[in-house]
Amino acid sequence: MPPKTTFTKEKIIVAALELVRKNGISAISARNVAKALDSSVAPIYSCFSSTEKLKKAVLQMANNILIDYSTKDYTDKIFLNMGVGYVRFARDEKNLYRAIFLEDNHFNDISDEFFQFMMFRLSQDNDFEEMPKEQVQNLFKDLWIFVNGMANMICVGILKENSDREIIENLARVGAAIITSYLGEFDNPEDVQIKI
């Protein structure tokens, strides 16, 4: 008799994440994950008492991927890097992006966690250290409306101009205009040093 194959929680989450990448969040079921692992459903249910708990774990892993995208140095500006990473994630990981931000799910705490992390990152940006906290929060909200719109348009295929350079230039141009309305001054978007 061959040895029994055991599956860790992480292996199950990774298999489910790949299903979401290919087919969207609705593809997650114990049967589909078991099939991807060449297993019965028993290991899935022994690690996750429900499909909803597995979905939440997958979205948490997707959120970690998004945070990784949003903390890379694409330019010399922390705030701009956050937006670039978010938009690149929407472009590169369409189904993960949809699962976190566009699908009708009840895991809003995942997206809230991302935005809380981004507010923390923004607090580390020296460009805004003189600005009152409430004003920084309002700036973040105003800029995020634009960034989110751009990400959505790229994710669903409306905005075709989505190379890294085009994303950076668009975000820098619009971001500079919005930030100027808050600070009264900001670097010229043409002066941003692109690092990718």
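This is a predicted model: local features need pLDDT of at least 70, side-chain atom pairs count only at pLDDT 80 or more; totals for chains, interfaces and linings use all residues.

1. Helix 1 (residues 9-23) packs with helix 6 (residues 94-102) at an angle of about 100°, and their axes are 6 Å apart. That angle makes helix 1 roughly perpendicular to helix 6.

2. On the side of helix 1 the contact is made by Leu 17, Val 20, Arg 21, Lys 22 and Asn 23, while helix 6 contributes Asn 95, Leu 96 and Ala 99. Sorted by class, the residues of this contact are four nonpolar, two polar and two charged.

3. Arg 21, one of the contact residues of helix 1, also forms a salt bridge with Glu 18, in which the closest N and O atoms are 2.7 Å apart. The two residues lie three apart in helix 1, so about one helical turn separates them. Arg 21 counts as partly exposed because its relative accessibility is 29%, and Glu 18, at 31%, counts as partly exposed.

4. In helix 4 (residues 51-70), Glu 52 and Lys 55 are three residues apart, which means that about one helical turn separates them. They form a salt bridge whose closest N and O atoms are 3.8 Å apart. Glu 52, at 32% relative accessibility, counts as partly exposed, whereas Lys 55, at 18%, counts as buried, because buried means under 20%.

5. How many salt bridges does a search of the whole structure find? The search finds nine.

How values were computed: Residues are numbered from 1 along each chain as its sequence is written. Side-chain values use heavy atoms; hydrogens and water are left out. Axes are lines fitted to C-alpha atoms, for helices over the stretch in contact, and angles run from 0 to 180 degrees between N-to-C directions. Helices (H or I, at least four residues) and strands (E, at least two) are DSSP runs, numbered from the N terminus. Angles under 35 degrees count as roughly parallel, over 145 as roughly antiparallel, 65 to 115 as roughly perpendicular and the rest as oblique. Contact means heavy atoms within 4.5 Å. Ala, Val, Leu, Ile, Met, Phe, Trp, Tyr, Cys and Pro count as nonpolar, Asp, Glu, Lys and Arg as charged, and the others, Gly among them, as polar. A salt bridge is a side-chain nitrogen of Lys or Arg within 4 Å of a carboxyl oxygen of Asp or Glu. Buried means under 20% relative accessible area, exposed over 50%, partly exposed in between (1.4 Å probe, protein chains only).
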